[in-house]
Amino acid sequence: MPVKDSETAVELAPTELLVCTTCRMGQEIPEGGVRPGARLMSALEDMDWPEGVTVKPVECLSNCDEGCSVVLRGGGARWTYVYGRLTPDMAGVVHDGATRYHATDTGLVPWRERPEHFRKNCIARIPPLELPE
């Protein structure tokens with residue numbers, strides 16, 4: 001269900017932040033060790049998120065040797081983004097980028113307004129299922 005942004009009174013479609021929890025960052029993880037992707041997920045779960053943003057764990061996003069990876073996707077006319085080369089201590093960067101993404105109706109955050117890491121580490125940009133005419 002869309003939520004209204006209290007500052008702009010615009011209805012925002014829900015946003016999902018998908019976090020690869022199986023990521024090893026190209027490292028050997030000892031048996032019983034916590035993978036970097038799971039550590040990033042844990043840090044993100046502990047953060048305060050805007051209404052309408054859901055953080056979900058997922059398995060392999062097939063970017064295994066390039067650091068942790070996340071996906072930002074939303075309903076409506078929003079583009080989907082895959083970001084990589086993240087580390088478990090970058091939860092604040094992910095939170096900032098996801099919050100900015102959520103505040104748009106298209107998912108298109110102006111390049112200069114994105115967190116610097118997001119500017120340089122976009123793995124993929126995927127068009128919405130329903131392209132605007």
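**Exercise 1. Find the residues that L17 touches, leaving out those up to four places away in sequence.**

Step 1. Take contact as heavy atoms within 4.5 Å. L17 then touches L44, W49, T54, V55, K56, V70, V71, L72 and V94.

Step 2. Before going on, note what you are working with: this is a predicted model, in which local features need pLDDT of at least 70 and side-chain atom pairs count only at pLDDT 80 or more, while totals for chains, interfaces and linings use all residues. Residues are numbered from 1 along each chain as its sequence is written, and side-chain values use heavy atoms, with hydrogens and water left out.

Step 3. Now place L17 in its setting. Helices (H or I, at least four residues) and strands (E, at least two) are DSSP runs, numbered from the N terminus.

**Exercise 2. Work out which residues of helix 1 are buried and where they lie around the axis.**

Step 1. Buried means under 20% relative accessible area, exposed over 50%, and partly exposed in between, with a 1.4 Å probe and protein chains only. In helix 1, P36, G37, L40, M41 and L44 are buried.

Step 2. They lie on the same side of helix 1, because their arc around the axis is only 140°; the arc is that of the directions from the helix axis to the C-beta atoms.

Step 3. These buried residues pack against strand 3, strand 4, strand 5, strand 6 and helix 2.

**Exercise 3. Classify the aromatic pairs Y81 with Y101 and Y83 with F118.**

Step 1. Rings of Phe, Tyr and Trp (its six-membered ring) pair if their centres lie within 6.5 Å; planes under 30 degrees apart are stacked, over 60 edge-to-face, and the rest tilted. The structure holds three such pairs.

Step 2. For Y81 and Y101, the centres are 6.4 Å apart with 85° between the planes, giving an edge-to-face pair. Y81 is in strand 6 and Y101 in helix 2, so the pair ties together parts 20 residues apart in sequence. Both residues are buried.

Step 3. For Y83 and F118, the ring centres are 3.8 Å apart and the planes at 15°, so this pair is stacked. It links Y83 in strand 6 to F118 in helix 3 (residues 116-120), 35 residues apart. Y83 and F118 are buried too.

**Exercise 4. Describe the surroundings of H95 and M90.**

Step 1. H95 lies in helix 2 (residues 91-102) and is buried, with a relative accessible area of 19%. Leaving aside neighbours within four places in sequence, H95 is in contact with L44, M47, D48 and W49.

Step 2. M90 lies in the loop between strand 6 and helix 2 and counts as buried at 16% relative accessibility. With neighbours within four places again set aside, M90 is in contact with L40, R85 and H117.
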